Amino acid sequence: MNGLYAYFAYGSNLLPERLFQRCPTAVPYAPAILPNYRLTERLYADVDYAPGEQVHGFVYLLRAHDVARLDRYEGYPQIYRRYTVDVILDDGTELPALIYEMTPKTKEIRNRLPYPEEYRKICREGANLHRIKNHFIRNRRRK
């Protein structure tokens with residue numbers, strides 16, 4: 001992918017209009033699965049290594065200047081760290097993609113904090129738009 005970086009979105013960046021505000025030249029690519037991770041609610045979406053589990057998301061192709069913009073938005077490297085992992089496309093192809101995961105310090109501070117309802121709505125809308133498994137449906141508890 002000449003000069004392009006695959007980026008795996010799994011939270012609010014699933015919603016294209018939101019990602020395009022941050023990365024104006026992003027190109028939607030394909031739904032994908034991040035194997036051996038689980039989605040964790042820590043005020044905002046995060047992922048944790050978890051063998052056997054998976055996170056459904058969407059891959060966008062980004063130019064270097066959009067990666068730099070996304071780094072600033074995500075608070076890299078203080079709030080989120082960025083690294084490359086293999087995601088799996090619908091046809092079974094593995095694709096190296098950038099992901100953002102909260103730093104250990106951020107995880108500790110935000111652990112067990114629920115999503116704001118507006119954030120949950122944005123993530124849910126993005127998941128529905130891409131027709132991927134929706135991790136953002138609120139679990140309702142009876143009182």
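Predicted model: local features only at pLDDT ≥ 70, side-chain atom pairs only at ≥ 80, totals over all residues.
Q: Which residues have the most contacts inside the largest nonpolar core?
A: Those residues are Phe8, Leu34, Val59 and Val87, in a core that has 41 residues.

Q: And which elements give two or more residues to this core?
A: Strands E1 (4–9), E2 (27–42), E3 (44–63), E4 (80–89) and E5 (94–102) do so, together with helices H2 (64–74) and H4 (117–130). The largest share, eight residues, comes from E3.

Q: Back to Leu34, what does it touch?
A: Leaving out residues up to four places away in sequence, Leu34 touches Phe8, Val47, Glu53, Gln54, Val55, Val85, Asp86, Val87 and Ile99.

Q: Switching to H4, how many residues does it have, and which of them are buried?
A: H4 has 14 residues and reaches 20 Å from its first C-alpha to its last, close to the 20 Å expected at 1.5 Å a residue. Its buried residues are Tyr119, Arg120, Ile122, Cys123, Gly126, Ala127 and His130.

Q: Why are those on the same side of H4?
A: They are on the same side because they cover an arc of only 160° around the axis. As a general point, an α-helix has 3.6 residues a turn, so residues three or four places apart point the same way.

Q: What do the buried residues of H4 pack against?
A: They pack against helix H1 (16–22), E2 and E3.

Q: Which residues of H2 are buried, and what covers them?
A: The buried residues of H2 are Asp66, Val67, Leu70, Asp71 and Glu74. Seen down the axis of H2, these fall within an arc of 150°, so they line one face of the helix. What covers them includes E1, H1, E3, E4 and E5.

Q: Which residues does the cis peptide bond join, and where is the proline?
A: The cis bond joins Tyr76 and Pro77, with omega about 5°, and Pro77 is in the loop between H2 and E4. In general, most peptide bonds are trans, and most residues other than glycine have a negative phi.

Key
Residues numbered from 1 in each chain as written. Heavy atoms only, no water. Core = buried A, V, L, I, M, F, W, Y, C linked by side-chain atoms within 4.5 Å. Buried < 20%, exposed > 50% of the residue type's maximum accessible area, 1.4 Å probe, protein only. Helix = DSSP H or I, 4+ residues; strand = E, 2+ residues; numbered from the N terminus. Contact = heavy atoms within 4.5 Å. Expected span 1.5 Å × (residues − 1). Arc of directions from axis to C-beta.
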